[in-house]
Amino acid sequence: MKAKKSVYFKTFGCRTNQFDTQVMMSKLEDSILTQEEAEADVVVVNSCTVTNGADSSVRGYINALSRKYPGTKVILAGCGSHSKGESLFADGKVFGVMGHSEKEHINEILARPDRFYEIGDLSHIDTTIVEEFIGKSRAFIKIQEGCDFACSYCIIPSVRGAARSHTEETVLAQITKLASNGFGEFILTGTNVGSYGKGQGSSMAKLLKKISQIRGVRRIRIGSLEPIQIDDEFMELLSEPWMAKHLHIALQHTSDKMLQLMNRRNDFASDRRLFETLANAGYALGTDFIVGHPGEDESAWLEAVERLVDLPLTHVHAFSYSKRDGTVSASMEEIVRGDIAKARHKELTALVAEKNYQFRKNHKTDLEVLLESGKEGVFRGFDQYFNRITIQSSEDLSGNWVFPDKVTVAESGNTASLM
Ligand code: SF4
């Protein structure tokens, strides 16, 4: 009998790509998974193409691989297959190219004797729902794929396709199974999570209500929402006990000039109203923010900072703009120098860190903490406001919910002792 081929997966990019690699791994039947590149007959490169830098990393990896292991077959998968697959295939750099929709056929694809280019389509949604577990109690569930927005700087819609969602039935069945196995917190993720259910007669609010009715579900978090996706039905859920009291709402900027250049669907006046309403309802609020996008001159930045100072914000994912060919932003003028973008990034993160510190000082009682794993008496977890807390205990509290009554708040983070 012919020995099974061994396959190594190399994953670049975001959490979605990591999920996709898991889908492929779960479909292997006639090959063996290896953790060692050197032992592999085939390397599947699950690529990222989000910036020009990401493209070069993937290309660099493939070149180095062919030099080190000239006999190894390289298969290109992931977002890069949709942007760079054709040229890498034509140049003979890869043995085969497979698009996103082909992931679940990986077993058959690996059996192909001849070179192939299977780009598939961008309207497919996998039948496999992927979960990722943190400790024994929190699970990420990918409920949606793709995006219908057209932000100027982003290549995602052209490599991941339009928004489409898993059906409610599939998501609910998966969560029911995990909840009965002891998982209490669920984090809903996807490319543009807030578009869940669009065109399928559902919505984020509808799904949340149904998930909350599942026995064992204690807290639900949403990976990220766009401001315009927060509708009245969603607002009615704000006081529900199972809603994590932290929302991540992607603003990307607080200067209207920049929001327009970025072709965003939000504007600052309504963003401010939304944030104030949510903060008054007791929510901690995080956002994504891109600094250094073309056109961010001194006055746009000063305006943005002035607005940020007033905004009830507690967390930020700050990104420095990075050019991506094929996007509208890539051909914009008024480039921001790297050192300026770096200084702005620093200013922004320091400003929000201070806001977070003030928030924690005002929210140190009635914390509901779900601890992840820990060792030697030190456990880490998050409270309902998505603030990390370190807890000391002589008991093994991994995966437990705890309610510390004496919390010490420092700039570097919250701590408590349950000794
Ligand atoms: S919302 Fe904008 S940034 Fe996010 S994936 Fe869609 S196009 Fe890209």
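Reader: What covers the buried residues of α13?

Author: This is a predicted model. In it, the cover over the buried residues of α13 includes β14 (284-291), α12 (298-310), β15 (315-320), β20 (407-410) and β21.

Reader: Which residues of α13 are the buried ones?

Author: They are Ala341, Arg344, Leu348, Val352, Lys355, Asn356, Phe359 and Arg360. An α-helix has 3.6 residues a turn, so residues three or four places apart point the same way.

Reader: How far apart are the end C-alpha atoms of α13, and what span should its residues give?

Author: Helix α13 covers residues 338-362, which is 25 residues. At 1.5 Å a residue the helix should span 36 Å, and the end C-alpha atoms are 36 Å apart, so the two agree.

Reader: What about the loop between β15 and α13, which residue lies there?

Author: Glutamate 334 lies in that loop. Its phi is near 55°, a positive value in a residue other than glycine.

Reader: Which residue in the hairpin of β17 and β18 takes a positive phi?

Author: Phenylalanine 386, with a phi near 65°. That hairpin has 5 residues between the strands. Phenylalanine 386 is found in the loop between β17 and β18, and it is not a glycine.

Reader: How many other C-beta atoms lie within 10 Å of phenylalanine 386?

Author: There are 19, so phenylalanine 386 is partly exposed.

Reader: Which residues of β18 are on the covered face?

Author: Ile389 and Ile391 are on the covered face. The uncovered face of this strand, residues 388-392, has Arg388, Thr390 and Gln392.

Reader: Changing topic. Which residues are around the ligand?

Author: They are Cys147, Phe149, Ala150, Cys151, Cys154, Ile156, Pro157, Thr191 and Asn192.

Reader: How many of that shell are nonpolar, polar or charged?

Author: The shell has 7 nonpolar residues, 2 polar ones and no charged ones.

Reader: Now the sheet with β1 in it. What is the strand order?

Author: The order is β2-β1-β3-β4-β5-β6, an open sheet of 6 strands with parallel pairing. Its edge strands are β2 (31-33) and β6 (116-118), each of which pairs on one side only. Neighbouring strands of this sheet are turned by 25° against each other on average, direction ignored.

Reader: How many bridges join β4 to β5?

Author: There are 2, between residues 73-78 of β4 and residues 96-98 of β5. Leucine 76 stands opposite valine 97 in β5.

Reader: Which strands does helix α1 lie across?

Author: Helix α1, residues 15-26, lies across β1 (5-11), β2, β3 (42-47) and β4, and runs at about 170° to β1. Helix α2, residues 52-68, lies across β1, β3 and β4. Its angle to β3 is about 170°.

Conventions
Residues are numbered from 1 along each chain as its sequence is written. This is a predicted model: local features need pLDDT of at least 70, side-chain atom pairs count only at pLDDT 80 or more; totals for chains, interfaces and linings use all residues. A residue is near a molecule or strand if its C-beta atom, placed from the backbone, lies within 6 Å of it. Ala, Val, Leu, Ile, Met, Phe, Trp, Tyr, Cys and Pro count as nonpolar, Asp, Glu, Lys and Arg as charged, and the others, Gly among them, as polar. A residue is buried if 20 or more other C-beta atoms lie within 10 Å of its own, exposed if 12 or fewer, and partly exposed in between; C-beta atoms are placed from the backbone. Helices (H or I, at least four residues) and strands (E, at least two) are DSSP runs, numbered from the N terminus. Two strands pair if DSSP finds at least two bridges between them. The expected span of a helix is 1.5 Å times one less than its number of residues. Two residues are in contact if their C-beta atoms, placed from the backbone, lie within 7 Å. Axes are lines fitted to C-alpha atoms, for helices over the stretch in contact, and angles run from 0 to 180 degrees between N-to-C directions.
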